[in-house]
Amino acid sequence: MRRFKLADRIIGETAPEFSGALADAYRKRMRPFCLCKDGGLAMYIAQVGDQYIVKRMPMSGGGHDPGCASYEPPDELSGLGVLMGSAIQVDPESGIAALKVAFSLTKIGRRAAPQAGADGSDMVAGDAKKLSIRSVLHYLWHQAELTAWTSRWAGKRHWWNIRWHLLAAAGQMTVKGGALTEMLFVPEPFRAADKAAIEQRRAAALVPALPPKSGPRKLMILVGEVKDFAPTRAGHRLIVKHLPDFPLLLDEGLYQRLQGRFENELSLWEADEASHLMTIATFGLTPAGLAVVEDMALMVVAENWVPYDSVYERRLIDTLAKLRDRSVKGLRYNLSAETPTAAAMLQRQSQPIALYVVPPLAGDAYDEALDELISSRPEVGAWIWRPGEEEMPPLPFR
């Protein structure tokens, strides 16, 4: 449990009066201090709707105690390292992250937007200049802390709070000079009894995607869970959970590229009924009100909504899910599978442990790069599993 200092008051995050204290501190522009270390570490309070949350200051995650929920693994151990300061530029005062993206958020006439997700261009190793559409989903998921897990959260992660955390994270981001929240659409949980009201709120939220009388059309960004792909006369329609009676249309070319580029994610989803298939997609509305997808990417997540890239990572995620210790899943962003990254980080007060899963067909170049990565952060322990050569080693328990 984290403890914070608010002026002369020390309060724990589980205290009944914590929410009220945060609201009061927010109004008075008070800065909280996390007491995971002597002297405290400055934090800030963010408002999302009528709720308040304490967030770590930009670039300060590594300064927290490894056992603190505000601790953040070194960026260099994931695909985030090459993006910070270039594709992702964080204002140190406000905490707002300006994202430079490689995909279009406008469409002129019938010309299709660049397919930065479905054609595989999001897999350029080391590309630090712009974020692919998949990388934006990774960054949202990471900043929403949906990559983190402890067994104490079992049964407590549902779509309504996933949506809340995604919107809270988006509130600290801008894209092409505009607030990400103004172009992001995350469907609210659907309830048949509230169908009319939900549809009205959806129509209001999607007004920016309506075609103007002249000039480029603005596109919006959808983040949601895939329910199915269904064939149509000229392509396919994407059916998203919590969006009944609101299919999104894909032309046949985009659908075929999607099948090729994300074959791995689709296969993992098909193989496990408990997993979820997440999508991020740019889309616009036709004059008739139909939603048309221009670009999209996919990400498979486990039952607890933590992402994974292989059956080996899935086994690791399942094992970590049983631990009370907090773990954080590493994501690749723009990096290819040939570049070593930490699959996850196990947060321990004595020493954080980076968990590496070596692909079965990895060669000498991969091993050399992995050794360099481990050596670059000597303060972080290393656990290595080579599925092609051995059973999964025991995790370093307390």
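Q: Which residue in β2 does leucine 6 stand opposite?
A: In this predicted model, strand β1 (residues 3-6) pairs with strand β2 (residues 9-12) in the antiparallel sense, over four bridges. Leucine 6 falls within the residue range of β1, and the residue that stands opposite leucine 6 in β2 is arginine 9.

Q: Which residue in the turn of the hairpin formed by β1 and β2 has a positive phi?
A: The hairpin formed by β1 and β2 leaves two residues between the strands. One of the residues in that turn has a phi of about 60°, and this residue is alanine 7.

Q: Which are the edge strands of the open sheet of five strands?
A: The sheet has the order β2-β1-β3-β4-β5, and its pairing is antiparallel. An edge strand here pairs on one side only, and this holds for β2 and for β5 (51-56). The edge strands are therefore the two that stand at the ends of the order, where two strands count as paired if at least two bridges lie between them; they are β2 and β5.

Q: Which residue in β5 does alanine 46 stand opposite?
A: Strand β4 (residues 41-48) is joined to β5 by six bridges, and the two strands run antiparallel. Alanine 46 has as its opposite residue in β5 isoleucine 53.

Q: Are α2 and α3 roughly parallel or roughly perpendicular to each other?
A: Helix α2 (residues 133-143) packs with helix α3 (residues 159-170) with the axes 8 Å apart and at an angle of about 105°. Angles of 65 to 115 degrees count as roughly perpendicular, and α2 and α3 are therefore roughly perpendicular.

Q: How many nonpolar residues does the contact of α2 with α3 have?
A: On the α2 side the contact is made by Leu140, Trp141 and Gln143, which meet Ile162, Leu166, Ala169 and Ala170 in α3. By class, these residues include one polar and no charged residue, and the number of nonpolar residues is six.

Q: How many charged residues does the contact of α5 with α6 have?
A: The axes of helix α5 (residues 252-261) and helix α6 (residues 263-271) come within 5 Å and cross at roughly 75°, which makes α5 roughly perpendicular to α6. Leu258, Gln259, Gly260 and Arg261 in α5 meet Glu263, Glu265 and Leu266 in α6. The contact has two nonpolar and two polar residues, and its charged residues number three.

Q: Which strands each supply at least two residues of the lining of the largest cavity?
A: The structure holds four cavities of 30 Å³ or more, and the largest of them has a volume of about 170 Å³. Its lining consists of 17 residues, of which Pro73, Ser78, His142, Lys329 and Gly330 are the closest to the centre. By class, the lining has 10 nonpolar, four polar and three charged residues. The strands that each supply at least two of the lining residues are β19 (327-329) and β20 (344-346).

Q: Which helix gives the most to the lining of the second largest pocket?
A: The second largest pocket holds about 550 Å³ of space, and among its 24 lining residues Asp309, Ser310, Arg332, Ala337 and Pro359 lie nearest the centre. This lining has 11 nonpolar, five polar and eight charged residues. At least two residues each come from α5, α6 and α7 (311-320), and the helix that gives the most, with three residues, is α6.

Conventions:
Residues numbered from 1 in each chain as written. Predicted model: local features only at pLDDT ≥ 70, side-chain atom pairs only at ≥ 80, totals over all residues. Heavy atoms only, no water. Axes fitted to C-alpha atoms, helices over the stretch in contact; angles between N-to-C directions. Parallel < 35°, antiparallel > 145°, perpendicular 65-115°, else oblique. Contact = heavy atoms within 4.5 Å. Nonpolar A, V, L, I, M, F, W, Y, C, P; charged D, E, K, R; others polar. 1 Å grid on protein atoms, 1.4 Å probe; cavity = no way out; pocket = protein on both sides within 12 Å on 5 of 7 lines; lining within 4 Å. Points joined across faces, edges and corners; volume = space filled by probe spheres on them.
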